[in-house]
Amino acid sequence: MVNRVLIIGLGLIGGSLAKALKKKKFAKIVAGYDRNPDDLQQGLDLGIIDEGFSDLAEVVATADIVVLAVPVKATENVLAAIKPYLSPATVITDVGSTKANVILAAQTVFGTVPDKFIPGHPIAGSEKSGVAAADENLFAKHKIILTPLPESDESATRLIARMWQSTGAEVLQMGVERHDEVLAATSHLPHILAFSLVDTLAKEQDSREIFRYAAGGFRDFTRIAASDPTMWHDVCVANKQEILNQIDNFTDGLATLRQAIVASDSQSMLGIFTRAKSAREHFSKMLTGTAYSQNSHKSQVTFHVHSAAPLLGRIRVPGDKSISHRAVMLGALAEGITHISGFLESEDSLATVQAFRDMGVVIEGPHQGRVKIYGVGLQGLYPPPGPLYLGNSGTSLRLLSGLLAAQAFDSQLLGDNSLSKRPMERVAEPLRKMGASIQTSEGGGAPVVIQGGQQLSAIEYQMPVASAQVKSCLLLAGLYATGQTRIQQPAITRDHTERMLQNFGVQLTIEDDAVTIASGQVLKATSIEIPADISSAAFFIVAAAINPGSDLVIEQVGVNPSRSGVLKILGLMGADLTLENPGMLSGEPVADIHVRYAPLRGITIPDELVSVAIDEFPVIFVAAAAAQGVTCLSGVSELRYKESDRIEAMQEGLLRMGIDVTVKGDNILICGGVLQGAKVSSYDDHRIAMAFAVAGTIANSEVVIEACSHVATSFPEFVDVAQKAGIRINKEET
Ligand code: NAP
């Protein structure tokens, strides 16, 4: 425990810190100094400090930590005043909103910045000031930025970090210049705008009248104009250059919007508003998690499943994920306006929407599955303002790599932890053969760094693995490469990219095992209706097939032969499936899938069905576990490189549920049996989570599935649809 902390300046921040440190018993004594005796007395009366001093000589020498909680411009004077009494062991810190001038003040007073001076800035505050406004919870769950210098004492930095952590704050570190730059944009500029707006409006003749009608928006936007004028004056003086840079930036942006309004340019106006709206939503996610990082914090989601009654009735599952991605990508590259309906509003497909917005494409929606894209043409993308963050979406990362390799600008593609581990060399290597400059990270994963400005040339490429993402990536690159790009595949892979390109008027030559694309083609905007996703439907198909008495119809599901291997495999196992109301939606075959319960039997899954059912294997494992006899399969090593090692994840969970699963090299044997209740993990893999939910419907007691938050990447409404179909499932969020 620290012996004595001295807080100089018992105002809002100093008082709040003193109160929090006292409550958390961070130090034996929390002492306060203030030039105003009334404030000191109030601090003692309110129990904010243990001891009050109006003479620094009495107290500085005995303090382990001295905190300067005074206006930034007072820093130099206060440092000079404490200098004579400082002991070499005393650690000094401050709370000033700007940092470069605090460093300057320390240099002026001490010659060089003392190694035990650790500058800090709490990103927390209020429009109120003074000790009476002190709030012990002001810093809880807020960020504190420390800006130690390279020569700062590490143990001193750790001590100040520990002090702030004891108040419930999260401590971050950054450089002094970066701090002032970031804060100018995120804090100083908004305050200045709020002050200026209120001042401008207040000068108007009829200001009383205007303010009388002020609505919530005005109040929200101008709340911070009630902050302390002196403090903001000081901030403007202290961080002059960075603030001027931000004002200039903002003025340019406002001028662009003004011009769009003058010219009644709806596309530009909508562009600015939709980009801002989506950026705000993106920031909100970041703000609820860890700011200054790309990973939005997810709550822990656990599924609890009890054995089901029969699955009955008619359900709809959301739009196809693969097709949703491709519709947005090609709509963005087309000339004209593309309308999409049935778009899957999941995290993965929204990552693709965000990436194109970041590259200047105006996209309205999604709203109830409808998206409107103002295509910019093949050459119309703008350089993104920073790295493109694609969350968990392998499709976005791999397909965009092909597109971005052909652009004039540089780009960087990032993903979450799971995506960063997935193999990206499989797209990088053929793209390099086409002349792309592309680097993957250690282990061949993301971040992927692409240097633009390369002229790509067509290649003939024999894919070593059957991968629709590699094929699609090269087809997108092929739109830009000189000549004819031909891609040969060792087995059938999903052909949504080919069908979608044809929807946009692109000519392709399609053979049994190859596809060829010529460059120089123009994509024409169109309307796209997206069928329901067979990969999402598969969970309900298997659940109905294994629960006695079930009779379920899943409406308008995409039954593209390159995706519907799961129907063939279940058919061979004895499932009772019929396809009703067949039709076509935007070049994709669809049908209502009618499933009735029928006992399943183990089979040897034919090799040719593996690549056309690749995403459905987790739930096919469950069908095999519920079947009579043994199911054998091989050639599925690709499953080890999905969102998790799906073979390992399914084997582990099924073993826990009492099912015998043997994996020998590339061969897998699953012996059907009675499934038992158990606790299993999805390993953050959406399809593993949903597959075990299906397994839970026939288990003899409750099945608890942990780490299910990633279900939102492909099927956010899974639990609602499952409950509607009759599955007894609950979601617990912590
Ligand atoms: P405050 O409530 O006005 O408190 C400032 C304190 O410093 C008062 O006790 C004041 O004493 C004292 N002080 C002023 N000038 C002084 C001088 N020349 N010598 C000695 N003491 C002096 O202000 P605050 O909001 O706590 O802000 C303090 C610091 O926190 C500032 O550096 C500010 O940049 C930083 N900060 C503020 C916020 C926020 O939202 N308010 C957020 C983050 C960081 P008197 O009462 O006698 O004037």
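## Salt bridges, a ring cluster and a ligand

Arg 422 and Glu 643 make a salt bridge, and their closest N and O atoms sit 3.9 Å apart. Arg 422 is found in the loop between helix H16 (417-420) and helix H17 (425-433), while Glu 643 is in the loop between strand E27 (630-634) and helix H23 (646-656), so this pair ties together parts that are 221 residues apart in sequence. Keep in mind that what you're looking at is a predicted model.

Are these two partners buried or exposed? Arg 422 has 7% relative accessibility, so it counts as buried, since the cut-off is under 20%. Glu 643, at 12%, counts as buried too.

The pair also belongs to something wider. Arg 422, Arg 494, Asp 615, Glu 643, Arg 646, Asp 685 and Arg 687 are linked in a network of salt bridges. Across the structure, the count comes to 33 salt bridges.

Here are three of them side by side:

| Salt bridge | N to O distance |
|---|---|
| Arg 422 with Glu 643 | 3.9 Å |
| Glu 460 with Arg 486 | 3.7 Å |
| Lys 679 with Glu 706 | 3.7 Å |

Glu 460 is in strand E19 (residues 460-462) and Arg 486 in strand E20 (residues 484-488), so the parts tied together here are 26 residues apart in sequence. Glu 460 has 62% relative accessibility and counts as exposed.

Lys 679 lies in strand E30 (residues 678-681) and Glu 706 in strand E31, so the pair ties together parts that are 27 residues apart in sequence. Lys 679 counts as partly exposed at 47% relative accessibility, and Glu 706 is partly exposed as well, with a relative accessible area of 32%.

Now for the rings. How many aromatic pairs does the structure hold? There are six aromatic pairs. One of them joins Phe 540 and Phe 715 edge-to-face, with 6.2 Å from centre to centre and 70 degrees between the planes. This pair links distant parts of the chain: Phe 540 belongs to helix H20 (residues 534-546), whereas Phe 715 is in the loop between strand E31 (703-706) and helix H25 (718-725), 175 residues apart. Both Phe 540 and Phe 715 are buried.

Phe 715 has another partner, Phe 718; that pair is also edge-to-face, at 5.5 Å centre to centre with 75 degrees between the planes. Phe 715 has a relative accessible area of 0%, and Phe 718 counts as buried at 2% relative accessibility. Put together, Phe 303, Phe 539, Phe 540, Phe 715 and Phe 718 form one aromatic cluster.

Finally, the ligand. It is surrounded by 25 residues, and the closest are Ile 13, Asp 34, Val 70, Ser 97 and Gly 130. By class, this shell has twelve nonpolar, ten polar and three charged residues. Helix H1 (12-23) and strand E7 (120-123) each supply at least two residues of the shell.

Which parts of the protein come up against oxygen atoms of the ligand? A polar backbone atom of Leu 12 is 2.8 Å from a ligand oxygen, and a backbone N or O atom of Leu 10 lies 3.3 Å from one. With Asp 34, a polar side-chain atom lies 2.8 Å from an oxygen atom of the ligand. Taken alone, the ligand exposes 890 Å², and the protein buries 82% of that.

Terms used: Residues are numbered from 1 along each chain as its sequence is written. This is a predicted model: local features need pLDDT of at least 70, side-chain atom pairs count only at pLDDT 80 or more; totals for chains, interfaces and linings use all residues. Side-chain values use heavy atoms; hydrogens and water are left out. A residue is near a molecule or strand if one of its heavy atoms lies within 4 Å of it. A polar contact is a pair of N or O atoms within 3.5 Å; within protein, one must be able to donate a hydrogen and the other to accept it, and residues adjacent in sequence count only if both atoms are side-chain atoms. Accessible areas come from the Shrake-Rupley method with a 1.4 Å probe; for residues, only the protein chains shown count as cover. Helices (H or I, at least four residues) and strands (E, at least two) are DSSP runs, numbered from the N terminus. Ala, Val, Leu, Ile, Met, Phe, Trp, Tyr, Cys and Pro count as nonpolar, Asp, Glu, Lys and Arg as charged, and the others, Gly among them, as polar. Rings of Phe, Tyr and Trp (its six-membered ring) pair if their centres lie within 6.5 Å; planes under 30 degrees apart count as stacked, over 60 as edge-to-face and the rest as tilted. Buried means under 20% relative accessible area, exposed over 50%, partly exposed in between (1.4 Å probe, protein chains only). A salt bridge is a side-chain nitrogen of Lys or Arg within 4 Å of a carboxyl oxygen of Asp or Glu.
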